[in-house]
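Welcome to this short briefing on a protein model.

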Amino acid sequence: MRIRALMILLSAERHLVATEIAAIVRQHEETVRRWLARYEAEGLTGLADAPRAGTPPKVTPAYRARLLKLVRRRPRALGLPFSLWTAARLADHLAEETGLRMSVPSVQRLLRAGGMALSRPQHTITSPDPDYAVKKDG
C-alpha cells in the first residue's frame, strides 16, 4: 500500500511518468500504469488489495481462546490420563471438544501467536536396584 501511494505522489507532485516511477519503486512500468489508472478510477480505496479467493481460516477466535485457556491447565485436573500437554494432545483434545481438527504445527503456531510455548518434558531415569547409583556412575 505504501509503494502504491508513493507511485501516486511521484506522479502528482513530481509529474514523473510511469517509466521513471517504475525505476524508483522497483516495479514494472505496466504495474505502475495499472495502479495509476486504478487510483484515477477509484481514488484511495482503489489502492487497497482486492479480496482474494480461497477458503476462510478454520480457526475461530473462540477456538484460539479455548486453546490458550486449556494449555494453562494441567491435563490431570481435567481428568485426562497424562501430566503434560503436547501439541498433538492439545490437537486431539480440542478436536474432540470442538469438532475442529488442527494439525500439530498449526497448534504450535497458534500457541506462539498467543505468546506461549510448550516445554519439553525432562525425564529422569531411576531404578529400584540398590546398586543403581554405583552402576550408573561407574
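Predicted model: local features only at pLDDT ≥ 70, side-chain atom pairs only at ≥ 80, totals over all residues.

Helices here are DSSP runs of H or I with at least four residues, numbered from the N terminus.

**Arg 4 and its surroundings**

- Arg 4 has a relative accessible area of 16%, so this residue is buried, because buried means under 20%.
- The side chain of Arg 4 makes a polar contact with the side chain of Asp 49, at 2.8 Å.
- Not counting residues up to four places away in sequence, Arg 4 touches Trp 35, Leu 47, Ala 48 and Asp 49.

**Where α1 meets α3**

- The axes of α1 and α3 cross at roughly 80° and come within 10 Å.
- On the α1 side, the contact is made by Arg 4, Met 7, Ile 8 and Ser 11.
- On the α3 side, the partners are Val 32, Trp 35, Leu 36 and Tyr 39.
- Sorted by class, the contact of α1 with α3 has six nonpolar residues, one polar and one charged.

**Where α5 meets α6**

- Helix α5 (residues 87–98) packs against helix α6 (residues 104–113) at an angle of about 100°, and their axes are 8 Å apart.
- The helices α5 and α6 are therefore roughly perpendicular to each other.
- From α5, the residues Ala 87, Ala 88, Leu 90 and Ala 91 take part, and they meet Val 104, Val 107, Gln 108 and Leu 111 of α6.
- The residues of the contact of α5 with α6 are seven nonpolar and one polar, with no charged residue.

**The nonpolar cores**

- The largest nonpolar core has 18 residues.
- Which of its residues touch the most other members? They are Tyr 63, Leu 67, Trp 85, Leu 90, Met 102, Val 107 and Leu 111.
- Helices α4, α5 and α6 each supply at least two residues of this core.
- With five residues, α4 gives the most to this core.
- Apart from this core lies another one, of 11 residues, and its members include Met 7, Val 25, Val 32 and Leu 36.
- Back in the largest core, Met 102 is worth a visit. Leaving aside neighbours within four places in sequence, Met 102 is in contact with Lys 58, Val 59, Tyr 63, Ala 91, Val 107 and Leu 110.

**Loop residues to look up**

- His 15 lies in the loop between α1 and α2, where α2 spans residues 18–25.
- His 15 is not a glycine, although its phi is positive, at about 55°.
- Is His 15 buried or exposed? Its relative accessible area is 65%, so His 15 is exposed.
- Arg 26 is found in the loop between α2 and α3. Arg 26 is a residue other than glycine with a positive phi, near 55°.
- Arg 26 has a relative accessibility of 76%, so this residue counts as exposed.
- Gly 54 sits in the loop between α3 (29–42) and α4 (61–71).
- At 63% relative accessibility, Gly 54 counts as exposed, because exposed means over 50%.
- Gly 54 and Gly 115 are 61 residues apart in sequence, and their C-alpha atoms are 28 Å apart in space.

Notes
Residues numbered from 1 in each chain as written. Heavy atoms only, no water. Buried < 20%, exposed > 50% of the residue type's maximum accessible area, 1.4 Å probe, protein only. Polar contact = N/O pair within 3.5 Å; in protein donor to acceptor, adjacent residues only side chain to side chain. Contact = heavy atoms within 4.5 Å. Axes fitted to C-alpha atoms, helices over the stretch in contact; angles between N-to-C directions. Parallel < 35°, antiparallel > 145°, perpendicular 65-115°, else oblique. Nonpolar A, V, L, I, M, F, W, Y, C, P; charged D, E, K, R; others polar. Core = buried A, V, L, I, M, F, W, Y, C linked by side-chain atoms within 4.5 Å.
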